[in-house]
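Student: Can you walk me through this model? I'll ask as we go.

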Amino acid sequence: MFKPINRFIDFLNRKNVILFMGITLTILIIIVAIFAPYIEPYNPTKMELSQKFIAPCSKYILGTDHLGRDILSRIIEGSRVSLLTAVFVVGISVFIGLTLGLISGYFGGAVDMVLMRIVDVLLAFPTIIFALALSTMIGTGQINLIIAICCIQWTRYARVTRGEAVMLKNAEYIDAAKTIGNSNLSIILNYVFPNVISKIIILASLDMGTIILYCASLSFLGLGAQPPSPEWGVMINEGKDYIQYAPWIAVSPGIAIAVCALAFNMLGDGLRDMLDPRMKETVRTE
Amino acid sequence: MENLLEVKNLNVSFLMGKRKIHILKDVSFNIEKNEVLAVIGETGCGKSVTGSAILHLLPENAEVGGSIKYNGIDITNIHENEFRPYRGTEIAAVPQSPSTSLDPLMKVGKQVSECVTDKKYKYGEHKKQLKESIINIFSKLKLPRINEIYDDYPCELSGGMNQRILISMGIVTKPKLLIVDEPTKAIDWALRKEVIEVFQDLKKERRCAMLFITHDIAAAKCVADRIAVMYCGQIVEIGYTNDVLNNPKHPYTKGLIASMPSRGFHVMEGYMPSFADLPIGCRFEPRCSEKTDNCSKYEPQMINIKNGYVKCFRFKL
Amino acid sequence: MKFRKIMGILITSALCVSALAGCGSSTNVSSSAAYSTASSSVSTEAENTSDEKVLRIAFPSTLTSADVTNSTSATMLKETAGVAETLVYADSNFKLQPMLATEWEMTGDNTWVFKLRDNVTFHDGTPFNAKAVKWCIERSLKENSELAGTTYIQSVEVIDDHTVQFTTSERTTDLPAAMSYVGTAIIAPSSVDKSGSFILPIGTGPFKAESFDETTGIFTAVRSDNYWGDINTSVTKRIVKSMPDASARSLAVQNGEIDIANDIPFSDLETLENSNNTNVSKFNTARTYFYEYNMKKDLFKDERVRKALIYAINKNEIVNDVLFGVGGVPKGILMDNMPWANTNVDTYEYNPDKAKELLAEAGYKDTDNDGYLDKDGQKLTVKIITFTKRPGCPLIAQATQGYFANIGIDASVKVMDWSAMNELIKKGDFDIALNSATSAYVPTPAYYLDAYYVHNNIGYKNDKLNELVEKCKATDKMDEKYEYSKEAQALGQEDACIYTPVLYGAVFAVSKNVTNFEFNAAAHDFIVPYNTDLK
Amino acid sequence: MLGYLIKRIVIVFGVLWMVSTLTYFTVHVTPGDTATAILYSIGGENAVSEKNIEHVRDKLDLNRPVYLQYFEWVTNSFKGNFGTSYKYNKPVLYMIKLRLPNTIKLGITAFLISVAVSIPLGIISALNHNRIVDHLSRIFTLLTSSFPSFWIAIIFIIFFALKLKLLPVSGMDSPKSIVLPAITLSLGMMAPIIRMMRTSMLDVMGQDYIWVSRAKGLKESAIIWRHVLRNAIPPIITVLGLQIGHILGGAVIIENIFSWPGVGGLLIDAINAKDTPMIEGCVLVVAFGYTFINLVVDIIYACIDPRLKYSGEGK
């Protein structure tokens, strides 16, 4: 009776299903975001007050909101906002974190000292509160939100990169490379960087999911994107007032966020399984 | 003499994904009571897997074939619950790599006494007596500060000291068979002699049989009654210590002995083949200096000699 | 070895204990307080059946204090709890009526004399007199930053036991109106202890403060035996519960936990109207939503453009469909039933064709057929900014965006918090701003025009209007005030630089047990009249 | 040990000082007039008039240079005086003391729930490595870390409060009120704990000393309890410490949705009102709580793991 289940589990164990699903979903989301204007059944910002609060039906698959806008179209349009934001945040943070982490780890000394203390301070603070404080300070809006989250997020990459760089700095083959007469820059680029990058890729893909959640949370609190932007967090916030009357307004954007975050989480999880040897099962032969 | 352990045609393979990788092939040997059998060979040839297989401690994805008989009872496929009483009490193990084989968060004394207290039904010793007997063992192993060491964590002791703690864990239950895995690997040269002496004493005083896994031929020579030479998951030659060392029959044994520093340090050419990609014929064929045409086509058969066997086409009785 | 470990544990536990002790002291106080209120709210059902009749009111903001120096709690004390009263009050026709003061007179350019009611005592029996008024107003002036600019009071002098004189920082004819503002509610000097810290408000109203829980924001007041006026209600106790979340208020009424709640989510109206135990009432309020054009921009220097954009907006549809019928379209700038409201002005009723016509006259035509109007090769785009706090703002702005799109104007909407919007308006970094303000903050004909037409940040200036408002402020004759105000309104409406499309609507969910509940648009926020009764 | 402790405490204070300075100056550098924000927060749009703005500036001395205000604030903070909230006109410390117990109550409940769920789940999935339970728990982990907490909160409200009418929607009037916010908050922090517990267990189970303890003939249960769990716990403690930060951050959102009167709501109000002393106070409390808990975690860690004393700090 359990045979099919067992075979399925066996299949799960052998293939990196999570990674496969992650990649598929991610590509799907990216396609949706790129071709959003062609996929949207209606104009996402067009109001049709006579069509407001229509429950999901065949005409409006996910229903309409309080201003008669088609929710599905808005969600599709919103994927661009979320994805772009996450890509920017991760890209900028990785760049800053990687650069500073490499410098700090490879050269050490006072730079390392100062940088790591800054990292300590920034990490001594729950990300969301810091982003929250910062984004209110520098004003609301999506760009400010990106800046605010980048301010904290780079520390994660800096710390990981530095750790790896410190470890590699003392490795014998780096010493060898030095004695041959390679410059510091070429050692960093040719030896240290390739060793760090796989860890950074795992971290970055996991972070994409987290950042989509952060942005949505902050927008939900009214600190990120603002209406009428079809950002998912904003849509949930708008729908919150109608949960009794028209629950679908708040429900579907949440699922969109979750699917997006799930895609990147699975991608990161799968990549970790594949790239991080620590997690692999090893067979003791000796 | 009666056989304490009889291993016949032991086959071990690991399931890696959908592929099956054969590690041990038709390994057969026996150990008599109070006899020390040394297994020598290169790193990665399957020595430790043999030990683990006897202890039923192979990873989950392992498949075991053939038969292992202990005291005449077939223990190859008996259930974990039935086998557990054998471990520690009948068959004990002294693991390799002292740095990782001790629980870092438990005091060493407790780790040693644990071997006994978990089987109180058998050893009705009181805590105090137990501690005394452990300290007694410590002192026999020439550990310093024996009373304090009992309450130390492994990280507070040196590698050699930890190795001796591991040995004491193996012998505290007075087992009939001791599987010793690379006892001299982590020990510096000065201590090596002492550790070897400990095993010699063990054999004399406690009268326990041993499966002495090592790549240290000199150590094997001092301790073992017989030597089994293992290559790539197979025993290629087994026989009395003196016979094997002084009159090696298998080309691999010859090479191994020649590579000993005392014998001139002539290192063999080539590497052991990967288990995933084994040659069809004799596994040693690619490196063998005395190979014939048959060697690459057929597997050599076991040829019995006095108290052992050889697997080689070149060997003639 | 052992020593280190034990020490580590000791230090850790010491740290933990000290941290817990730090907050523990307050935990005890607040938790006991919370329990007492929890039990009281649980027992209200039972009490209602015996001789106690409890009116439970939801208050729409967070309450952190019960002191009149905090405007929010002053509103609560005066208008929802009925504990503290002001010297003057404005009735629902925006006429000033005597409250704690019986008469008032402007005695000099900067002085006003108020005669106090003489049969009044505070709840603790201490007499209500000029000294108490002086103490209270001076304290509020110091603590409440709002009062200085609202009342212009500089100092208070005691003339005799029941006469006070207020000296203002500049000449004002509107002090009596300002004295109806909640921030000037009077409490007794005995409300504070010897060190000056506030305990409970001791007022003169028909209800006497009983308790206030700072953590949960629950205020209770019981009927006072010695109220100076006549009231007719069987309610013996009022519980005011701070519930800043609109959906929570609505649910509390539906579940019968609350008798009166205001500002409930528009979308719950249908549910509440169909419910067996609640009534829904909607009223227009004196609060306006108003559009401001950036007059520093050339685009809006053209009157036709300004008016066209107003014609483009379907105000009635906004009220009915976007705001669920909550609110109203005014016939002028102000709420129609304000006695000084000029309802005889052009309201630029929805007429998209006229809008297009006017824009075409101004030179805006769709020459490149992209669906958007343009002039000199420039697409007509406007940036609408608005703020979050008033629930209607984002909705009205987004609806406007839609109406503008219909006539070919590409509009963007930005929603931000009010201070940020104010900053942008000051900097001139916007096209159209949707703002909101109450026109009865000080219930006087000059106030709203002065605050939002004369003193604007958008660069609008009409000398004639300013002059009329000055005259309105200067005279102390009411009918003259009305006249000047009406004239000024006509000018303002004709200029169409600031425009009121919609009035803020008050919506109440009231339990069917509640009787005699009347709305007063002149009240600062919302009022639960003293005579509100329970079946 | 003592030296280590002193060093750590110095770092805690350093962090607090830097965090507070950072926030102090960002608050002041930000565009927008403080007086306007304060007036708006106390009296709405109508309260903002030129006369009132002037009054507020005079009263709060906002016209002084920022660095002077900062120095005064720092000296007062050292005396334990965090100033008076602009918005509430009450001492900052008083307001925080009023609200903090609620946040702690919510936080501890959520923490206990998530620990009670995720540690056993992590252990179970490690013990059933690559079996159905493990896969199910992995799916659970992925889901909990993918759904936004505020959305889950809304779904909970729809189901448990509106449809089933089992639990209150918001506030903290009855003991039942804590259920929804605590569960929502705890869900968000489960994933890292489960994942860490599982990895940590698997890591330990692959260690040589576990093989050795099997070779000793110990019972499986004894191996799990005595060796695996004991060695798997230290990394978990670190993760738990980090999760406290998640609680503090998540509480801001959760308190907002459920109208839970905690520090989170206070902070958001303060930020909106540009109530500098209050923002500073809340930020300091959060940062202090976070660093303090991590200090405690490190001390516990040092007590559990004998290796640290020798490698990390020397004898």
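Student: What separates the centres of domain 1 and domain 2 of chain C?
Tutor: The centres, taken over C-alpha atoms, are separated by 31 Å. Domain 1 of chain C covers 3-23 + 284-506, and domain 2 covers 31-263 + 512-534; the bounds come from an automatic or database domain assignment.

Student: Before we go on, what are the ground rules here?
Tutor: This is a predicted model, in which local features need pLDDT of at least 70, side-chain atom pairs count only at pLDDT 80 or more, and totals for chains, interfaces and linings use all residues. Residues are numbered from 1 along each chain as its sequence is written, while chains are lettered from A and ligands numbered from 1 in the order in which they are written.

Student: How many residues does the contact take from domain 1 and domain 2 of chain C?
Tutor: Domain 1 of chain C puts in 17 residues and domain 2 of chain C puts in 16 residues. Contact means that the C-beta atoms of two residues, placed from the backbone, lie within 7 Å.

Student: Which elements are on the domain 1 side?
Tutor: Strand E12 (278-293) and helix H15 (463-474) of chain C each supply at least two residues of the side that touches domain 2. E12(C) gives the most, with three residues. Helices (H or I, at least four residues) and strands (E, at least two) are DSSP runs, numbered from the N terminus.

Student: And how do the residues on that side divide?
Tutor: Into 11 nonpolar, four polar and two charged. Ala, Val, Leu, Ile, Met, Phe, Trp, Tyr, Cys and Pro count as nonpolar, Asp, Glu, Lys and Arg as charged, and the others, Gly among them, as polar.

Student: What pLDDT does chain C average?
Tutor: Chain C averages 86, and 90% of the residues score at least 70; pLDDT is the predictor's confidence in each residue, from 0 to 100. Over residues 15-47 of chain C the pLDDT is below 50, and this stretch has 32 contacts in the model beyond near neighbours in sequence. Where pLDDT is low, the predicted coordinates should not be read in detail.

Student: What ipTM and pTM does the complex get?
Tutor: The predictor gives an ipTM of 0.78 and a pTM of 0.81.

Student: Which chains have the most contacts between them?
Tutor: Chains C and D, among the five pairs of chains that touch. No contact joins chain B and chain C, and their closest C-alpha atoms lie 9 Å apart.

Student: Switching to Phe212(C): buried or exposed?
Tutor: Phe212(C) counts as buried because 26 other C-beta atoms lie within 10 Å. The cut-offs are 20 or more other C-beta atoms within 10 Å for buried, 12 or fewer for exposed, and partly exposed in between, with C-beta atoms placed from the backbone.

Student: Where is Phe212(C), and what does Phe212(C) touch?
Tutor: Phe212(C) is in strand E8 (residues 207-213) of chain C. Not counting residues up to four places away in sequence, Phe212(C) touches Ala66(C), Leu200(C) and Phe219(C). Leu200(C) is 12 residues from Phe212(C) in sequence and 7.6 Å away in space, C-alpha to C-alpha.

Student: Now chain B. How many residues of strand E7 are buried?
Tutor: Five of the five residues in E7 (residues 177-181) of chain B are buried. Leu177(B), Ile179(B) and Asp181(B) point one way, and Leu178(B) and Val180(B) the other way.

Student: Which strands does E7(B) pair with?
Tutor: Strand E6 (residues 91-94) of chain B runs parallel to E7(B), joined by four bridges, and strand E8 (residues 209-214) of chain B pairs with E7(B) in the parallel sense over five bridges. Pairing requires that DSSP finds at least two bridges between two strands. Leu177(B) is the bridge partner of Ile91(B) and stands opposite Ala209(B) in E8(B).
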